[in-house]
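Dear colleague,

Please find below the structure I promised to pass on, followed by my notes on what was found in it.

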Amino acid sequence: MNNQNRAPEAEVVQLCHELIRIDTTNDGTGSGPGERAAAEYVAGKLDEVGIGCEFYESEPGRTTLVAHWEPEGCDPSLPPLLVHGHTDVVPANAADWQVDPFSGELRDGCIWGRGAVDMKDFDAMVLSVVRDRVRTGRPSRRPLRLVFTADEEAGGTLGALWLADRHPDTVADCSEAIGEVGGFSLTIRDDLRLYLVQTAEKGLSWLRLIADGVAGHGSMRNDHNAVTELAAAVSRIGAHRWPHRITPAQQGFLDAVSEALEVRIDTDNVEETLSRLGSISRMVGATMGNTTNPTMLEAGYKVNVIPGQATAGVDGRVVPGAEEEFLATMKELLGDKVRMEYVIHEPAIETEFAGDLVTAMQKSLQSEDSGARAVPYLMSGGTDAKAWTKLGVRCFGFAPLKLPPELDFVGMFHGVDERVPTESLEFGAKVLDHFLEIA
């Protein structure tokens, strides 16, 4: 092995800059014009070091890339490690930003742009590390399966879920996976940083509520007004306070924070208790139980016409093990005159925070940060991990970043002025490099 010339972080900033400049906006309407261009960019970077790729398209331009890296010197008896990232990003309104959201501008020690943290930073880390390992003749411990997906930001129906359904052979031989939204630091004090490893994520229940009534003239009394029935149901749902359902991942995180801060965490008021941790407290609060947020309303076409139907959209998120409770409560909240149908329905997932892969995460973090401590957590959102879990793959969120304590990292996801420190990127590449050595 040519360890003397190793520099896994050498390209990561430039690669992230170039990836952000590819506009891969996914607005959820079915179009993703930049995903093919991003897949071709990734393929080109892997091809430069002799790694071949395959493209899989659910629809024209909705491109997912799969690459196999089984270098000489790795242990072929071990199942491949799935390393996955998505190339699409949510929309960005340029007028709201300090910089062009697709410029990848370097400013104040950060790379700015849509996708900087969600998740072209990790895509760049993977490319930088793998390219350096090939060039320096340093194999990973086990074979790697590299997957860069389309459509994650719209639920993955044209990306990971489609691939797992139509081409399960691409990842079915993998037993474990790492991907986004985990491995980032939470500074407790100068000599202690908790690195949050995602071991669970809430289920996704995007709902369409439908109220049917009797159409009529707006000047007449109407006891079967669809708008009235729907509005009442939406109000009940929005006001409902779901009971706490603390999962093993959530309990592991709360225990670790309680010990680190030397405080007793009030589960009835967790956001206030953890307010000193910044915006992460909002995410913790959102994972104490199920949540339902009304997000869309639609009815009518003229002020003096009572419509025969009204619809609403609700973003429901369900903690592991609480699906039956969610359905029973929603039925009660909807009442007899409003029905619901799923727009997207993906169950919650959870895996144990234990095993050789977790040990490798802790060791690789400590190789670059002596104050690092890996802890589990439950994520309020969803990722492509739901697709791989269906095939029996244990999934972890591990995209390592050592972050400045003052950075509102959680607020960067889908936020205005999304950015990632270049030092954090370089740290992440070095940790990932060490991880692939021992994972």
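**Two residues in their surroundings**

Leu106 lies in strand S4, residues 106–107, where helices (H or I, at least four residues) and strands (E, at least two) are DSSP runs numbered from the N terminus. This is a predicted model, in which local features need pLDDT of at least 70 and side-chain atom pairs count only at pLDDT 80 or more, while totals for chains, interfaces and linings use all residues. Residues are numbered from 1 along each chain as its sequence is written, and side-chain values use heavy atoms, with hydrogens and water left out.

With a relative accessible area of 54%, Leu106 is exposed; here buried means under 20% relative accessible area, exposed over 50%, and partly exposed in between (1.4 Å probe, protein chains only). Apart from its neighbours within four places in sequence, Leu106 is in contact (heavy atoms within 4.5 Å) with Val13, Ile111 and Thr422.

Arg142, by contrast, sits in the loop between helix H3 (120–135) and strand S6 (144–149) and counts as buried at 9% relative accessibility. Its contacts beyond four places in sequence include Cys74, Asp75, Glu176 and Ala439.

**Salt bridges**

The structure holds 30 salt bridges, each being a side-chain nitrogen of Lys or Arg within 4 Å of a carboxyl oxygen of Asp or Glu. One of them joins the side chains of Arg138 and Asp433 at 3.1 Å, N to O; Arg138 lies in the loop between H3 and S6 and Asp433 in helix H13 (residues 422–438), so the pair ties together parts that are 295 residues apart in sequence. Both Arg138 and Asp433 are buried.

Arg145 forms a salt bridge with Asp173, with the closest N and O atoms 2.8 Å apart; Arg145 is buried at 1% relative accessibility, whereas Asp173 is partly exposed at 40%. Glu346 and Lys390 form another, with the closest N and O atoms 2.9 Å apart, and in this pair Glu346 is buried at 10% while Lys390 is exposed at 52%.

**The two domains**

The domain assignment, which is automatic or from a database, gives domain 1 (11–199 + 349–438) and domain 2 (203–238 + 292–339). The centres of domain 1 and domain 2, taken over C-alpha atoms, are separated by 37 Å, and the contact takes eight residues from domain 1 and six residues from domain 2. Across the interface of domain 1 and domain 2, the rule finds zero salt bridges.

Best wishes
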